[in-house]
Amino acid sequence: MNIRSAINLIITGVSLSGNSSKLNAKSSIEEFLILKAFSVQFNNTPPPLIKEVLWQPPIFNWVKCNSDGASLGNPGPSSCGGLFRNSSAEFLGAFAYNLGISNSLSAELNGAMYAVELAHHFGWKNLWLETDSMLVVNAFKSSKTIPWHLKNRWDNCLLLISSMNFFVSHIYREGNTCADKFANLGLSILTLNWWCNVPPHISDDFVRNRLGLPFYRFG
């Protein structure tokens, strides 16, 4: 077999296998030229889906708390945080707590438990809890995922919400940026902190939420 026949055989084989593939090529001129040389159809990468993520205030006479957890490792240094707002999207207060060495699930659950405990402490009987963790949302439906060392406290929280009007929901992390920043702030403090005013480094996201401006999720 001469070289030209060998080249044609290779091109035919690559073309046959390449055109039967459903994989997408990268959007580059180099890949386009290579595939064209082997007579392989160019499958474009589909554009990313873009979702608008909007934070919504609660209805009149309700308080909404967005909570989050932060963990630098699993386990690793961990903390939780959250903030409370009313139906006018006004700031009612915020918390952050350093949990020491823990994991991401415990951090998320602690954020939710502090939200319930603080709402009970301030006498907020209509509480909407929002989190970017589906594990937390599902934990309120079934306690099977609760670690043993948090079980008693979790049961106490369930007892507290039995005397409240309580609702829990999920939001993408892009809409939970204020709570995320409070949770990360907890990594740099020593104990439980409470804020009566919006800290400067949270204000941009807080105002964005209050004005009803969206964040965007790419995926």
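I began with a definition: two strands pair if DSSP finds at least two bridges between them. The model is predicted, so local features need pLDDT of at least 70 and side-chain atom pairs count only at pLDDT 80 or more, whereas totals for chains, interfaces and linings use all residues. Residues are numbered from 1 along each chain as its sequence is written, and side-chain values use heavy atoms, with hydrogens and water left out.

**Entry 1: strands.** I noted that strands (E, at least two residues) and helices (H or I, at least four) are DSSP runs, numbered from the N terminus. I looked up β3 (residues 76–85) and found that it pairs with β4 (residues 91–102) in the antiparallel sense over ten bridges. Proline 77 has isoleucine 101 of β4 as its bridge partner. Five residues lie between the two strands of this hairpin, and alanine 89 takes a positive phi near 65°. I then found that β4 also pairs with β7 (residues 193–195), in the antiparallel sense over three bridges. There, alanine 94 has tryptophan 195 of β7 as its bridge partner.

**Entry 2: serine 106.** I located serine 106 in helix α3 (residues 104–121). Is serine 106 buried or exposed? I recorded it as buried, with a relative accessible area of 1%; buried means under 20%, exposed over 50%, and partly exposed in between (1.4 Å probe, protein chains only). Leaving aside residues up to four places away in sequence, serine 106 touches Leu99, Pro147, His149 and Leu150; contact means heavy atoms within 4.5 Å.

**Entry 3: isoleucine 29.** I placed isoleucine 29 in helix α2 (residues 29–37). Isoleucine 29 is exposed, with a relative accessible area of 53%.
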